[in-house]
Amino acid sequence: MSTEFHNLQELRHSVSVATKVFIQRDYSQGTTCRFQTKFPSELDSRIERTLLEDTVKTLNSYYAEAEKMGGQSYMEGCLACATAYLIFLCMETRYEKMLKKISGYIQEQNEKIYAPRGLLLTDPIERGMRVIEVSVFEDRGSSGSSHSSSVSSGGISQR
Amino acid sequence: MLQLGVAEPMRECEYSQISTRSSTPMETPYKKRTPKKRKWQAFPGRNKFYCNGRIMMARQTGVFYLTLVLILITSGLFFTFDCPFLSVQLTPAIPVIGGVLFVFVLGTLFRTSFSDPGVLPRATPDEAADLERQIDVANGSSSGYRPPPRTKEVVINGQTVKLKYCFTCKIFRPPRASHCSLCDNCVERFDHHCPWVGNCVGKRNYRFFYMFILSLSFLTIFIFAFVITHVILRSHRQGFLNALKDTPASVLEVVVCFFSVWSIVGLSGFHTYLISSNQTTNEDIKGSWSSKRGKDNYNPYSHGNIFTNCCAALCGPLPPSLIDRRGFVQSDTPQPTPPTNGITMYGSTQSQSHMAAATPLMQSEPVILTDEASLPGRTSLGGPCSGALPLGGQPTPPTSTPNLSCDNGMLPTRNDHSEAHHHFLTPEEAPSPPGMLPCGSPLGHSHTIQGFYNPASQDSLHEDSVRGLVKLSSV
């Protein structure tokens, strides 16, 4: 899995980024983390509407779960307060666990859906949770990645 | 405070575990000589970092030390002089409870002061360009002058909220976020900048701040009450004056506690009200959700009842820091845009015309500084004044580096124009007291200096600036 992602990173060097499309935050429900599900018109030719919308909706649901204020989060908060927040030295917060899950999901989506179409989603956490950055790649001919001996190098080819 | 070592020693780049958040190793061999910089060293805001990025505070920390000293001295005197008597005469639970309160107060104070309040990282150049494009399309013009303040309207739970565009960070601020002028950062759910804790109070450290003032109120009242009890008990035996002679420290404690109680208890009460109505100090002062503004004006963020609001503020999930202080700076990832209000920021008057004229010449120089390997001799300069920091690729006038005053002795190749540079004060230098100047600060700090990536490259740029100024003078 990690070697495949490594290929995606090298992909950045070997092909040029034609443009970046940003999916902005949706603040209509307050300050909780949500992204707009409106499909950006620039991607019309690159990917099916439903695929991107599904990805964004799934991400929104993950973020909602991370920020959900329910019994578990209250207990975690109270326990943390009782231990003078030292417990976070050994334990991860629920939010951090969800963020890891989200990273894994984005990675998986990139490999399965977006990279084959010459797109790359950037994890919103790397952009300060402001946008989902979609990098649109232009294939520079046959100068594809040839650095590593990964099996999946063929899978990144442009359709 | 902790005196820390200099920037990390140079080491061989190694293949780190690849994950979406951490950096990828630098692949090209010539970069192996360059020590990896951590993101806190490249942070564009006006913050100070300690412990290699683990601790983050505002620039002015003098008042924080005062707070710490007051708490330590008063509590110290209490435990030394009053507790022995009280634990014998009344109950040993008194020092125990006092001790617990004291530890809690210090813990929450440190947590408030040292953590990231919820700073929003600045926009990457791509994001900023995309936003500019959208705004130009909306405005229908792309003129060079600074356009009127840009706002976006959003309807949140039935209330129309205006999102303002931050020219420094180049983002549309999320609702409830605000730009702190002291720290030069946009902070999420910005409450206020508290000099007593030496940091902003925002989304991520508001609960610690509240716990701090609440526990400090209890501690102050506790100490006040028991010192008075102590003096009264002693007075019963020896008379009032003799009692005071026996415990002179008690007088000091009573005085400190008396004056603190009013402000701290008042502040706790105020913040309890803010938490229960889910407002920030900022919003309350502006009266954003006050019913005086209109019949239909209500707080769209409130959960409806006091209990839920309190739970949400104090026990809700704690979002992680967005700025990743200890991550490594990637050479290929876009760096956040440096503040472009650069020219207007420099307050000194006589230099402004020079710099304004010099910069067009400066900006024609391509800045390839980031690729220069830092020479070992030069990196040692970073020791006492680790001031030179990367700030994206944008060249800035050489006069903007406030660490000139300390570098002067160390860079023998500096030309005469460095003397002239002393006159140019940046706003970071001007308001701060002498003790706060970069040279005076402990090692390992990063300062928000709009400087160069590498002190070694300053020489070449100084030559250019000389050329530039010579051209000016010839006009």
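This is a predicted model: local features need pLDDT of at least 70, side-chain atom pairs count only at pLDDT 80 or more; totals for chains, interfaces and linings use all residues.
Helix axes here are lines fitted to C-alpha atoms over the stretch in contact, and angles run from 0 to 180 degrees between N-to-C directions. Helices themselves are DSSP runs (H or I, at least four residues), numbered from the N terminus.

Residues count from 1 along each chain as its sequence is written, chains are lettered from A and ligands numbered from 1 in the order written, and side-chain values use heavy atoms, without hydrogens or water.

Start in chain B. Take helix α2 (residues 93-114) and helix α4 (residues 206-238) of chain B: their axes come within 8 Å and cross at roughly 150°. That angle makes α2(B) roughly antiparallel to α4(B) (the word applies over 145 degrees). The crossing is left-handed, meaning the near helix is turned anticlockwise from the far one by less than a right angle. Who touches whom? Contact means heavy atoms within 4.5 Å. On α2(B), the residues include B:Ile94, B:Leu101 and B:Phe102; on α4(B), they include B:Phe208, B:Phe212 and B:Phe222. The contact residues divide into 16 nonpolar, four polar and one charged. In this count, Ala, Val, Leu, Ile, Met, Phe, Trp, Tyr, Cys and Pro are nonpolar, Asp, Glu, Lys and Arg are charged, and the others, Gly among them, are polar.

Helix α1 (residues 62-89) and helix α6 (residues 248-277) have axes that come within 10 Å and cross at roughly 140°. These two are therefore oblique to each other. This crossing is left-handed as well. Here the contact divides into eight nonpolar, two polar and two charged residues.

On to the interface. Chain A gives 38 residues to the contact and chain B gives 43. The area buried between them is about 3500 Å², with 63% from carbon and sulfur atoms. Buried area is the accessible area (1.4 Å probe) that two parts lose on being put together, summed over both. A:Tyr27, A:Tyr85 and A:Arg130 supply 20% of what chain A buries against chain B, more than any other three residues.

Last, salt bridges: a side-chain nitrogen of Lys or Arg within 4 Å of a carboxyl oxygen of Asp or Glu. Two cross the interface of chain A and chain B. A:Lys20 pairs with B:Asp126, 3.1 Å from N to O. Within chain A, A:Glu108 bridges to A:Lys112 at 2.7 Å. Both lie in helix α4 (residues 94-114) of chain A, four residues apart, about one turn.

Note on methods: Angles under 35 degrees count as roughly parallel, over 145 as roughly antiparallel, 65 to 115 as roughly perpendicular and the rest as oblique.
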